[in-house]
Amino acid sequence: MATDDNENCLPAGKMPVIRVPARPADQNPGGSIFGGWIMSYVDIAGSIPALDRVRGPVVTRAVDSFEFKKPVFVGDLISCYAEIVSEGRTSLKVKVEVYAERMKKGDMSCVKVTEATLTYVAIGDDRRPREIPSA
Ligand SMILES: CC(C)(COP(=O)(O)OP(=O)(O)OC[C@H]1O[C@@H](n2cnc3c(N)ncnc32)[C@H](O)[C@@H]1OP(=O)(O)O)[C@@H](O)C(=O)NCCC(=O)NCCS
């Protein structure tokens, strides 16, 4: 399988939209972090470039793809990167990549843990789809 150049480090030259540490309360009984905790941050992260772009409210219409590539553990520092990959008339798709920085015996490692694409729809006051303004 082809490997991603950024698979084992934070993407150079990009700013994460969210950074948050995983805490003991976020753990599942299997000892890794609950997938729903990560999904929630992915949804929030994806909405940020969408909100910036449409200059108004957006709602999540679909999760087009979602992959938990590697587990997240207590103490990991999660960084979510999000960028718009396509635009329609009222909707846009955002790719979100999540990396975990992990300290173990004094050594810091970094791994890509999650990758997802979500669709957000711009809505108006009537909560119906609203045309995305020109850039
Ligand atoms: C978002 C919502 C207003 C859209 O209403 P709708 O009747 O589906 O609107 P439309 O059929 O006109 O579709 C709107 C856009 O979504 C896209 N869309 C619809 N279904 C989709 C799907 N399953 N996957 C991806 N995009 C989809 C359409 O292609 C269209 O985009 P475009 O204008 O860029 O071509 C409505 O579905 C809704 O309120 N959903 C609940 C949202 C929500 O509560 N999210 C969770 C909390 S934020």
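This is a predicted model: local features need pLDDT of at least 70, side-chain atom pairs count only at pLDDT 80 or more; totals for chains, interfaces and linings use all residues.
Residues are numbered from 1 along each chain as its sequence is written. Local features need pLDDT of at least 70 and side-chain atom pairs count only at pLDDT 80 or more, while totals for chains, interfaces and linings use all residues; side-chain values use heavy atoms, with hydrogens and water left out.

We may start with the helix. Helix α1 covers residues 35-54, 20 residues in all; helices (H or I, at least four residues) and strands (E, at least two) are DSSP runs, numbered from the N terminus. From its first C-alpha to its last, α1 reaches 29 Å, close to the 28 Å expected at 1.5 Å a residue, where the expected span is 1.5 Å times one less than the number of residues. The buried residues of α1 include Trp37, Ile38, Val42, Pro49 and Val54, and Arg53 is also one of them; buried means under 20% relative accessible area, exposed over 50%, and partly exposed in between, with a 1.4 Å probe and protein chains only. Among the elements that cover these buried residues are β1 (18-21), β2, β3 (77-87), β4 (91-104) and β5 (107-122). After α1 comes Arg55, with a positive phi near 55°.

Strand β2 spans residues 58-68 and holds Val63. Val63 counts as partly exposed because its relative accessibility is 47%. Apart from neighbours within four places in sequence, Val63 is in contact (heavy atoms within 4.5 Å) with Thr117 and Leu118. Its C-alpha atom lies 19 Å from that of Tyr99, 36 residues away along the chain.

A polar backbone atom of Thr60 is 2.9 Å from a ligand nitrogen. On the side chains, an N or O atom of Arg61 lies 3.2 Å from a ligand oxygen, and an N or O atom of Arg128 lies 3.3 Å from an oxygen of the ligand. Of the 970 Å² of accessible area that the ligand has on its own, the protein covers 51%; accessible areas come from the Shrake-Rupley method with a 1.4 Å probe.

Conventions
A polar contact is a pair of N or O atoms within 3.5 Å; within protein, one must be able to donate a hydrogen and the other to accept it, and residues adjacent in sequence count only if both atoms are side-chain atoms.
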